Amino acid sequence: MANPALRPELEVTLRLAVLEAARRGHDMAGLEHLLFALLHDAATAATVERCGAEVERIKARLDRYLDEEVEAHAADGTEPVLTLAFRRVVQQAALQVLRAGKDEVSGPHVVVAMWDEPDSYAVHFMEQEGLTRLALVRAVSHGAPADADPAPAPAGDAPDDQAGGEPLK
């Protein structure tokens with residue numbers, strides 16, 4: 001099987017992460033820049049929200065972190081360098097897609113792969129919102145909410161109804 005391709009939206013998002021780091025004067029584009037850009041992608045944001053996390057709160061935390069905790073050094077207009085973690089996460093997402101027998105890597109795949117970097121602030125901010133890797137994997141794999149309850153059985157299908165008694169109310 002051929003290597004999976006990056007979806008065009010993901011290619012744009014990866015470029016936006018680097019541009020965001022440059023805009024802030026950062027020498028390196030890290031996972032926090034990547035997550036910040038990913039959460040601006042509609043499909044990725046929708047997946048994160050289906051898992052119960054508040055995208056705007058995560059973006060606000062990332063924005064504050066990038067402004068206050070990451071020092072601006074690059075004043076000469078040089079393009080930020082991708083951190084090793086940034087590169088590893090994108091590569092891991094591609095490997096996960098390949099193992100799943102799919103042919104395209106999307107933003108949600110990259111967010112799932114971030115959990116391979118558990119010491120990052122990006123993962124920490126997602127965990128603060130109650131987001132888990134398992135919830136994301138379920139949402140990416142099945143497209144359904146991660147913690148959705150199964151639909152209730154229609155009236156007459158419950159086991160107690162079969163015994164000839166009154167339906168439960």
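A: The chain holds nine helices and four strands, where helices (H or I, at least four residues) and strands (E, at least two) are DSSP runs numbered from the N terminus. Their order from the N terminus is β-α-β-α-α-α-β-α-β-α-α-α-α. This is a predicted model, in which local features need pLDDT of at least 70 and side-chain atom pairs count only at pLDDT 80 or more, whereas totals for chains, interfaces and linings use all residues. Residues are numbered from 1 along each chain as its sequence is written, and side-chain values use heavy atoms, with hydrogens and water left out.

The largest pocket has a volume of about 160 Å³. A pocket here is an open set of points on a 1 Å grid over the protein atoms alone, where a 1.4 Å probe fits and protein lies on both sides within 12 Å along at least five of seven lines, and lining residues have an atom within 4 Å of a point; grid points are joined across faces, edges and corners, and the volume is the space filled by probe spheres set on the points. Its lining consists of Gln96, Val97, Ala100, Lys102, His109, Val112, Val137, Val140 and Ser141. Helix 5, helix 6 (107-113) and helix 8 (133-142) are the elements that give two or more residues to this lining, and helix 8 gives the most, with three.

One of the lining residues, glutamine 96, lies in helix 5 (residues 84-99). Glutamine 96 counts as buried because its relative accessible area is 18%, the classes being buried under 20%, exposed over 50% and partly exposed in between (1.4 Å probe, protein chains only). Apart from its neighbours within four places in sequence, glutamine 96 is in contact (heavy atoms within 4.5 Å) with His109, Val112, Ala113, Asp116 and Arg133; of these partners, His109 and Val112 also belong to the pocket lining.

Helix 8 also has buried residues, namely Ala135, Leu136 and Ala139. These three lie on the same side of helix 8 because they cover an arc of only 95° around the axis, the arc being that of the directions from the helix axis to the C-beta atoms. An α-helix has 3.6 residues a turn, so residues three or four places apart point the same way. The cover over the buried residues of helix 8 includes helix 3 (42-50) and helix 6.

Helix 3 in turn has Thr44, Ala45, Thr47 and Val48 as its buried residues. Their arc of only 160° around the axis puts them on the same side of helix 3, and what covers them includes helix 2 (31-38), helix 4 (55-68), helix 6 and helix 8. Just after helix 3, glycine 52 takes a positive phi of about 95°.

Returning to helix 5, alanine 94 is also found there. Leaving aside neighbours within four places in sequence, alanine 94 is in contact with Pro4 and Val105, and its C-alpha atom is separated by 5.9 Å from that of valine 105, eleven residues apart along the chain.
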